[in-house]
Amino acid sequence: MKTPGLSMVISSVASLASAATFFSDLASFQAATTTTVESFENAYAVQPSFTFTGFTISETNGTTNQIGAGTPPFSSTGVVSGTGNALYQDNGDSLLNFTAFSSPFTAFGLWMTASQAATVTVSGSVASTFDLTADTPQFFGVTDIGGLTSINFSASGSPSIVAVDDVYTGTISAVPLPAGGVLLLAGLGGLVALRRRKKL
């Protein structure tokens, strides 16, 4: 006989396991994760892509498809810590890509700044949007227990420069399982009750 309680519990736990959580506050993101940070303190260079510890950064769909990264930067726009950053010139269709993750991360974050106000669309392993105010760094972070393999950013409004700094990659430090645990226990309790009812 089919046990509907068990299938409901399994599907509920599965949906909890693949839900992304988004952060606009660095402190909250850091409290939930264990990460390393890339602040682009290498000697400045311009090239199609850069590979750093754990990820590759590149621009696609642009006019030049070139990333500038390092210190001293081409523009100090968006330097959050240290003296370096990574940036590209946006043409309205440009995508900033973080790919080739060394292994699927469960936590990813960065500071992003644009020379003009823009709405940023996030794609790849997750989907979201957030707004940038001109020349004001904005933190974006995401965790997903299902794993992150690529993150792409597209800024609307054609800001001339989009810069990133302090890219965080790592894992969720404390998986928020209490809600899932309660749900699992409730489902198992329901199964026990059904089984007892059948025996009577």
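**Strand pairing and aromatic packing in a predicted model**

The structure is a predicted model, in which local features need pLDDT of at least 70 and side-chain atom pairs count only at pLDDT 80 or more, while totals for chains, interfaces and linings use all residues. Residues are numbered from 1 along each chain as its sequence is written, and side-chain values use heavy atoms, with hydrogens and water left out.

Three helices and 14 strands are present in the protein; these are DSSP runs numbered from the N terminus (helices, H or I, at least four residues; strands, E, at least two). Contacts are defined by heavy atoms within 4.5 Å. Among contacts between residues at least 6 apart in sequence, 74% join residues at least 24 apart.

Strands β4 (residues 49–52) and β5 (residues 55–60) pair in the antiparallel sense over four bridges, where pairing requires at least two bridges found by DSSP. The two strands form a hairpin with two residues between them, and Gly 54 in the turn has a positive phi of about 95 degrees. Thr 51 of β4 stands opposite Thr 56 in β5. The covered face of β4 carries Phe 50 and Phe 52, whereas Ser 49 and Thr 51 are on the uncovered face. In a regular strand, side chains alternate between the two faces of the sheet.

Phe 50 and Phe 52 also belong to one aromatic cluster, whose members include Phe 101, Phe 108, Phe 130 and Phe 140. Across the whole structure, 18 aromatic pairs are found (Phe, Tyr or Trp rings, the six-membered ring for Trp, with centres within 6.5 Å; planes under 30 degrees apart are stacked, over 60 edge-to-face and the rest tilted). Phe 101 and Phe 108 form a stacked pair, at 6.0 Å centre to centre and 20 degrees between the planes. Phe 101 is buried at 11% relative accessible area, as is Phe 108 at 0%. The rings of Phe 130 and Phe 140 are likewise stacked, because their centres are 5.1 Å apart and their planes lie at 15 degrees. Phe 130 lies in β11 (residues 128–132) and Phe 140 in β12 (residues 138–148), so this pair ties together parts ten residues apart in sequence. Both residues are buried.

Ser 115 is located in the loop between β9 (105–114) and β10 (118–124) and is buried, with a relative accessible area of 18%. Its side chain makes a polar contact with that of Ser 160 at 2.9 Å (N or O atoms within 3.5 Å; within protein, one able to donate a hydrogen and the other to accept it, with residues adjacent in sequence counting only if both atoms are side-chain atoms).

Notes. Buried means under 20% relative accessible area, exposed over 50%, partly exposed in between (1.4 Å probe, protein chains only).
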